[in-house]
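Here's a quick tour of one model, taking the sheet and then the aromatic rings. Have a look at it before reading on.

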Amino acid sequence: MKKFPKILASSVMALSLLAGCGSEGGNAATAVELNEGDTVKVGLNYELSGATATYGLAMEKGSQLAIKQYNEREDRKYTIEVISQDCKSDSVEAQSIASRLMTEEGVAFQIGPATSPDSLATYPISTDAQVPVLSPAVTQNGGMLDANGEAYPYAWRVCFEDNAQASAMAVFAYENLGKRKAVVYSDSGNDYAKGLAESFIEKFESLGGEIVTTENYIQGDTDFNAVISSLTEEDFDVLYVPGYYGEAGLIIKQARAAGLDQPILGPDGMDSPKLAELAGASALNDVYFTTAYTTVDASDELLSFIEAYKAEYNEEPDMFSVLAYDATNLGLQALEEAGATGEKLNEAIKNIQFEGLTGSFAFDEEHSPTKPVLVVELQDGVQVNPIKIDLDAE
């Protein structure tokens, strides 16, 4: 992984300079040249409570660790001051916090929120304030595009979009597992799951696969036995469950209890320690999900990060903490390369070549990273056999 002593330093400076301009309206939109020795503010806008707090808490830890590691460097040029806020898993609150961070606190850039709806609410504000937003896990299809179909100029994500991960899973099901008949059991109540379902179906059918049936649930449901019972009468060889770990864990548990032994597939929303708590480790066999990160066959850089994370928080990192760690380091690198905030910083992000724990990448025209998708298998709840699916090679 690339080291960012100077990068991180500059970021600190930029942020402090912004803060030094005062809190009058428009200060965050004023590009500031960076000078050595300044204190710079970085804003964290994560879901620290509410329905998606599992993601936000992990991300906040990843960002905090990246900044702490910089501040502890003897050769650092600046000091980074973190302004961390809880958007409470609420889009309106996320928008309010973004406005406060960018126009009152004078941050150089914002990291977060975790989920697509909460993050998308902050993008128009970033455009007006000319303050970049780095989104660790906004996977929503077209999420970086405004109403005119153009990328929000100051919004960037370090994760693949849902179209990419769902298409990669369809390729994996058809080509790697050799499956031909799929059932899609989706959360009909959010755009994340709906986008995943649509992309999986489109890709699977384009490869020659058949969608036997589609079923729906609503986030918060706990009893899936009626649908699962109906599926025992269907002729299919793979089940795709786009949605979050809360419902997916229970669906897997109840499906296995009902005798459904087909492979079960899911998106990155399954990547949580809570999945095993809900499903039970014994049910998590022949289960696969897409992700940007795995500890299987970890590089030296990743092992170093894991050791530091465990020492800091006494727990294992997950995909979301790693994505946030990458997003934070990317922002700090861009600050170093730009030597300024505002438009210059944004241009540095646009042209960056980044080497992170989740891959090496640049950004495409829609402000998404150019990197492959990982598919990992679960055996008794433990990740094994990661496979990279490169859609560009398809």
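What follows covers the model's basis, its sheet and its ring contacts.

## Ground rules

This is a predicted model, where local features need pLDDT of at least 70, side-chain atom pairs count only at pLDDT 80 or more, and totals for chains, interfaces and linings use all residues. Numbering starts from 1 along each chain as its sequence is written, and side-chain values use heavy atoms, leaving out hydrogens and water.

## The sheet

Five strands make an open sheet with parallel pairing, in the order β2-β1-β3-β4-β5. Strands here are DSSP E runs of at least two residues and helices are H or I runs of at least four, numbered from the N terminus; two strands pair if DSSP finds at least two bridges between them. At the edges sit β2 (79-86) and β5 (155-157), each pairing on one side only.

Helix α12 packs on this sheet, touching β1, β2, β3 and β4 (133-135). Contact means heavy atoms within 4.5 Å. The direction of α12 makes about 150° with that of β4, using lines fitted to C-alpha atoms (for helices, over the stretch in contact) and N-to-C angles from 0 to 180 degrees.

## The rings

Phe, Tyr and Trp (six-membered ring) rings pair if their centres lie within 6.5 Å; planes under 30 degrees apart are stacked, over 60 edge-to-face, the rest tilted. That gives 18 aromatic pairs. One of them is tilted: Y55 and F320, 4.5 Å centre to centre with 45° between the planes. This pair links Y55 in α2 (residues 53-71) to F320 in α12 (residues 319-338), 265 residues apart. Ring pairs also join Y55, Y192, Y244, Y245 and F320 into a cluster.
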